[in-house]
Amino acid sequence: MAEILVYVDHVDGAVRKPTLELLTLARRLGEPVAVALGNGAADTAASLAEHGATRVLTADAPEFAEYLVVPKVDALQAAYEAVSPAAVLVPSSAEGKEIAARLAVRIGSGIITDAVDLEAGDEGPVATQSAFAASFTTKSRVSKGTPVITVKPNSAPVEAAPAAGAVETLAVTFSAQATGTKVTARTPRESTGRPELTEAAIVVSGGRGVNGAENFGIIEALADSLGAAVGASRAAVDAGWYPHSNQVGQTGKSVSPQLYIASGISGAIQHRAGMQTSKTIVAINKDAEAPIFDLVDYGVVGDLFDVVPQLTEEVRTRKS
Ligand SMILES: Cc1cc2nc3c(=O)[nH]c(=O)nc-3n(C[C@H](O)[C@H](O)[C@H](O)COP(=O)(O)OP(=O)(O)OC[C@H]3O[C@@H](n4cnc5c(N)ncnc54)[C@H](O)[C@@H]3O)c2cc1C
């Protein structure tokens, strides 16, 4: 059976959810062979094996942490040459897309970015993309070389599928370009203690209706009562009320949680593009004509300053 190379996104050996989703998709196409690089690479093996990786190629070297993406591209290319896979799958983060693009140029292959689904086809994997703020769905396949495809988070379920996950050390020779861009400082983002937005099972978002940074506390309180991540519309982000890293939508992050609660958000197409695949959508808006209500499973027409604190209180009461 053909082997499918899967680039692993992990933090010190803890595999991030989008990589586990990639393994689900990779299993539709062939046998997943994972490539884990950097500190803790070997610690990824158990989780990758549990989700279907037949082999786990690992490499660690100071270059992965000290320089930007090129050392990782060198390593992924080494894995590509060692395995001769039928396709290479990479998570669609900013770094993942840069790594994938550089690899595709080096190996003379076509690339598809931001796929939201993948299926096996007679002439290679067929990727689904969502275009123009989700107004169109396209299907494409790479027609030259080995398909290199980046896949957005939440595009597939995480499925247990135990496999051998045999750990092998990957031999990497760094190219002359590897040390071209050095990391000079790192400042970790202050942890909020909340789940990562793109991986959260519940997201509570606030928009222009929240009417000020100081009022986002009520959105955070609801999120915390539910163990949720906090999202924001672009209007709220542009007003400086919440960080850009929390923006949901076409130019922000795509989320697909079990539950999405939109408060004071009108439901512009660019916002919908980032959340409309959520399983259950709830909106709180004082305008009964707001377009978000076309999309929801449950809608509350009301002032969020009345509704959200009551909802938070109710959740807390039921949990205690
Ligand atoms: C190229 C491009 C890319 C974009 N990308 C994004 C993106 O990634 N994400 C994104 O979100 N937007 C994006 N936008 C912007 C988008 O078009 C909208 O302008 C934006 O989503 C509006 O944000 P909002 O719903 O918070 O604000 P508004 O549209 O102003 O809606 C505010 C809503 O709050 C309600 N409200 C007000 N007060 C209360 C209250 N007290 N209680 C309850 N409800 C209340 C109002 O009835 C209204 O429906 C993009 C636009 C462009 C052109």
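Q: What makes a contact a salt bridge?
A: A side-chain nitrogen of Lys or Arg has to lie within 4 Å of a carboxyl oxygen of Asp or Glu. The model is predicted, so local features need pLDDT of at least 70 and side-chain atom pairs count only at pLDDT 80 or more, while totals for chains, interfaces and linings use all residues. Residues are numbered from 1 along each chain as its sequence is written, and side-chain values use heavy atoms, with hydrogens and water left out.

Q: Why are Asp-238 and Arg-234 called a salt bridge?
A: Their N to O distance is 3.3 Å, and the cut-off is 4 Å, so the pair qualifies. Both residues lie in helix α7 (residues 234-238), four residues apart, about one turn of the helix.

Q: What makes Glu-159 and Arg-27 a salt bridge, and which parts does the pair tie together?
A: The side chains meet at 3.1 Å, N to O. Glu-159 lies in the loop between β10 (148-151) and β11 (166-169) and Arg-27 in helix α1 (residues 17-29), so the pair ties together parts 132 residues apart in sequence. Helices (H or I, at least four residues) and strands (E, at least two) are DSSP runs, numbered from the N terminus.

Q: How many salt bridges does the rule give?
A: The count comes to 19.
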